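Hello,

Here is the structure we spoke about. Please open it alongside these notes.

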Amino acid sequence: MTRLPRWADLVLVPLISLLLAGIISALVILAIGQSPMEALRTMVTGALGSAYGWGYTLYYATSFMFTGLAVTVAFHASLFNIGGEGQAQLGGLGVALVCLFIPWPHWTLALPGAMIAGALFGAAWAAIPAYLQAKRGSHVVITTIMFNYIAAALIVYMLVNVLRPAGQMDPATARFPAATNLPTLHEIPGLSILFDKQIPANVTLFVALLACWLVWLLLWRTRLGYEIRAFGRSEPAALYAGISPFRVTMIAMLISGGLAGLMSINNVMGESERLLQNSTEGAGFIGIAVALMGRNHPIGVFLAAILFGFLFQGGAELGLWTSIPIELRTVVQGLVILFTGALDHMVRMLLGLFFAPRRTQVA
Amino acid sequence: MDFATLIQILDSTMRLATPLLLACLAGLYSERSGIFDIGLEGKMLMAAMCTGAVAALTGSVWIGLLAGIAGSMIFALIHGVASITFRGNQLISGVALNFVASGITVLIAQSLFRQGGRTPPLSGPARFNPIELPFAEALSGVPILGPFYAEVISGHGALVYIALLCVPLTWWALFRTRFGLRLRAVGENPASVDTAGISVVRLRYTAVIITGVLCGLAGAYMAAGLQTGFGKEMTAGRGYIALAALIFAKWRPWYALMATLLFGFFQALALRPDVIKGTLGFDVPVPALDALPYILTVIVLAGFVGRAIPPRAGGEPYVKER
Amino acid sequence: MTGDTGKERQATAAPAIELRGISKAFGPVQANKDISIRVAKGTIHGIIGENGAGKSTLMSILYGFYKADSGQILINGTPTAIPDSQAAIRAGIGMVFQHFKLVQNFSVLENVILGAEDGALLRPSLAKARKVLGELAAEYELDVDPDEVIEELSVGHQQRVEILKALYRHADILILDEPTGVLTPAEADHLFRILRNLKEQGKTIILITHKLREIMEITDTVSVMRRGEMTATVKTAETSPEELAELMVGRKVLLDVAKTPAQPGRVVLEVENLRVVDEDKVERLKGISLKICAGEILGIAGVAGNGQSELLAVLGGIARGTGIIRLNGDQIDLTGQHSDGQSRRARGIAHVPEDRQHLGMIMDFSAWENTAFGYHHDPAYQKNRWLMDNDAILENTKGKMERFDVRPPIPTLSAKSFSGGNQQKIILAREIERNPDLLLVGQPTRGVDIGAIEFIHKRIVELRDAGKAVLLVSVELDEIMSLSDRIAVMFDGKIMGERLPEGTNERELGLLMAGITDGKTGEAA
């Protein structure tokens, strides 16, 4: 097989995968008797055509950045954390508890408090699968899937039996006190010129950007990140260098879970302002697609998160304005994961066909 | 809990356990051959939609069943291509296909029927109708065993009995036939199969196809047996429960029957919180019952209740080495 | 080919196997070069050579695992194409691989019939196999409980199952790849009895090994391979271990290393009764004791796989062991509880591992990242409490690349894009410039071009001259001879003896490496 140039591997492989996913989606749209161009137009207009659309796109992108980073950190330690969904839900529980039961004077104080709670709860939910992987060799993929379902059940129990205010029918907590409500981009001086309507995107976006930078710093500028990456590439070599597999597995998973948990300051604290039953809306899973598409690099995650934010918001617009169901976005998400994560050898082979002849000409 | 209630719960246990059992056996074939499959959920969903749609269109549940198997098979083959031919990551492939299935089933159902992503309600010959086993009526007078036979054993759709038959059949195929021997070998040590001059690739594709068929049956039963038509995300994690049951069963057919019956019983109980309270005298939260299969699986995975050792070559693409 | 009638008959009958001009290359590596060989029916034919000489590749071609680039295979005089293992089995060839191809949780019977079943149902096959196994057991001393599960069997019994598998498939030609590597001496003796039985029944056996004793004990003819070529085929009765050792090791241009006599100082490393047991419960080090002084290079000679890797691993903190290791008089923890690669480095042990691609570097990391590998906690590499100083590492790497003549001198290039020699220089620079009290170095010049070899040797000697202790492990005898101040020969997890390079020669060392001391074998008892 032709080895691809580095830039092609980094840039072309995800782009071709996206293209393949797009082509198949277009075929699906055609097959159900709709127009792919029309669909694309609706998505672009709805998600990117207005400040209002951008407000939603960025809101979703914020969540995806956290979950994408969560998957990324674990991936670098060669751990596949599918548990982002459950960890994010637990993070939501942590955020809700902190917002409901601590009388915060101002959101600037509530936010760090909620961040700590969300991250801690998310990390705690990743801790058991991490420990079982590191000490008992139970596959982290299976255990994190199981923990997603246990998390879902736990949240239902907490909402229905514990946190639901008396007299309320739907399973949700009470609204958080106004002092914990985060300013949206519309409410931020300066940005309100750009975003002239009330939108869900909120200050958490800046926390997410900060998280991107911190994860980059962690992975490529700290000893811990160095150890995580080395361990992920070669466990025997890590042992040679005196890196403890147990320690790295635990820490990488705790950070991963913490990042997933952090997401809930966006959706729970920033948007719904109470904890709902399915608060994450699958963002934990989208993190897998975002990380794969973003080649496990924070910059890539940032870009892929915006792309999926667009897809999510655009897909919702499709559901509103066309007869194409909103579920199209799940299809695209699945296809992107399939091509970037499982059929990547095939994509590389396809690309290799283009690169091989040119190589021989040079030589 | 009185006897009549118990019979009721056991009756619904049978029905709820059937899709779990079929999916669990489906996973058994794949994983025994060394191909991890967390895409059982997606294949079931796809089969449920195909069955629901085609049964509604043709009015025949059997044509619907064939369509369901075909739908599931397509996904099984994609998984095979990704994990056997292109040696991709089997876990990621399974996850990806679950998402694709989750979305595309609604897309197709919506475009066909415009009923909010559902297929039209099935009835009559478009469903798996109860089969009255012989003497059910006659024996119902016999105390305890009579009602048990009439309600719990008799009166289910054909697929319930097919699923039950699949258990001894799978056991027999696995442990008494040449195919089973090779299948188990390729999941444990593909090099042993390769050096014996048998094609690893062909064996694994065969296993993946059987997985597709069984998931097809499971999905068809969801749409035309358990329910009356396909609805969005109707499998509701059953593919993962089946996976849990498979681990719980340590990849063995008879244990799979027991595990899925147990998990089906939890599901049946979760539908009757009143009964639990009446029996135990205190409230057991429904979510706790929902989570029980997963908690049990984690405990098994952690090796606290005997060690669950998966097929040794599971998840690893086979590359010929020196 | 004249002489008695027996010889004549042997010469006229077609050989069981004849290979004509077999060549096979893996990329740039020529694993087999124009190999021709004839194996007479009903004989035991040994193929001897060092690791990497191309023995296993040749046999894999014969078993249909690889396709030869050129050449011809004749079985019983008939040209036979062997595109896959199925064809090899049909041609009557059975192979016992070094790493058994058994299904661990299957019974013996199930393993035997796998791929050779009669019909779709197992019951008749199992019944037949049970009967046949009973007959084979009686005939060849191959008794194994047919219902026992493989993982419950000893290694020796597992090997018997592999032989039974081949015989069950009616193999007339049996190839065994390093069969005694994992056996105890008693088990090896039993194996040889089985092989002699098989020979008497007219089977042809090819025995691949690097152990001279085995060749002398059991084979009728022996072929020697070196660096992909067949250097000689001789009758065992007409040769001697000395001659074979020489043919095997060969004579290479001795690279002269300019080096003054050693000035040994205080004892740096002291090892007493060191034992290591691996994951399969096999004892890999059987009580090693040695000493290295400051300003001295101790060379460990030996055929690969005789415990050298384990010695390096336990000294480097990667593996656990029992016994006593003292560095500069302080005892080192061997249990792995309070020590690992990090604490060894902190004590002043640097380690250039044998397997640079899997242990010594992260191939996807850049050269500068690899320069910090294992030393990433070094204060000089930190910007502050939290962050590493990548610029400092990069600068440091530039200096190292210059001083060690790494080409191309680009620190940002990933490790895998450097040649073997330059990869080794990067590792060597990292370890040597730590100025360690003790340098562990394994196969320093494996896969390294001539120019780099000289450079690497010079650096190792310089470190010694700076008053440091060096433990050198190498399978290249001339490297050991030219670098070492003292030579210890390892065989089967033990040290067979120590020699001074000026007081010994390659022949004597070769015999020690084969476990032969003063005409006696080290394997007995």
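Predicted model: local features only at pLDDT ≥ 70, side-chain atom pairs only at ≥ 80, totals over all residues.

Start with chain C and chain A. Their contact takes 31 residues from chain C and 20 residues from chain A. The area buried between the two chains is about 2,100 Å². Carbon and sulfur atoms give 58% of that area. Three residues stand out on the side of chain C: Phe365(C), His376(C) and Met388(C). Together they supply 22% of the area that chain C buries against chain A, more than any other three residues.

On chain C, the elements giving two or more residues to the side that touches chain A are α11 (341-347), α12 (356-360), α13 (367-371) and α15 (420-432). By type, that side of chain C has eleven nonpolar, twelve polar and eight charged residues.

Next, chain B. Look at helix α11 (residues 238-248) and helix α14 (residues 286-301) of chain B. Their axes come within 9 Å and cross at roughly 35°. The crossing of α11(B) past α14(B) is left-handed. Which residues of α11(B) meet α14(B)? They are Tyr240(B), Ile241(B), Ala244(B), Ile247(B) and Phe248(B). Their partners in α14(B) include Pro293(B), Tyr294(B) and Leu296(B). The residues of this contact are ten nonpolar, one polar and no charged.

Best wishes

Technical notes
Residues numbered from 1 in each chain as written. Chains lettered and ligands numbered in written order. Heavy atoms only, no water. Contact = heavy atoms within 4.5 Å. Buried area = accessible area lost by both parts, 1.4 Å probe. Helix = DSSP H or I, 4+ residues; strand = E, 2+ residues; numbered from the N terminus. Nonpolar A, V, L, I, M, F, W, Y, C, P; charged D, E, K, R; others polar. Axes fitted to C-alpha atoms, helices over the stretch in contact; angles between N-to-C directions. Left-handed = near helix turned anticlockwise from the far one by under 90°.
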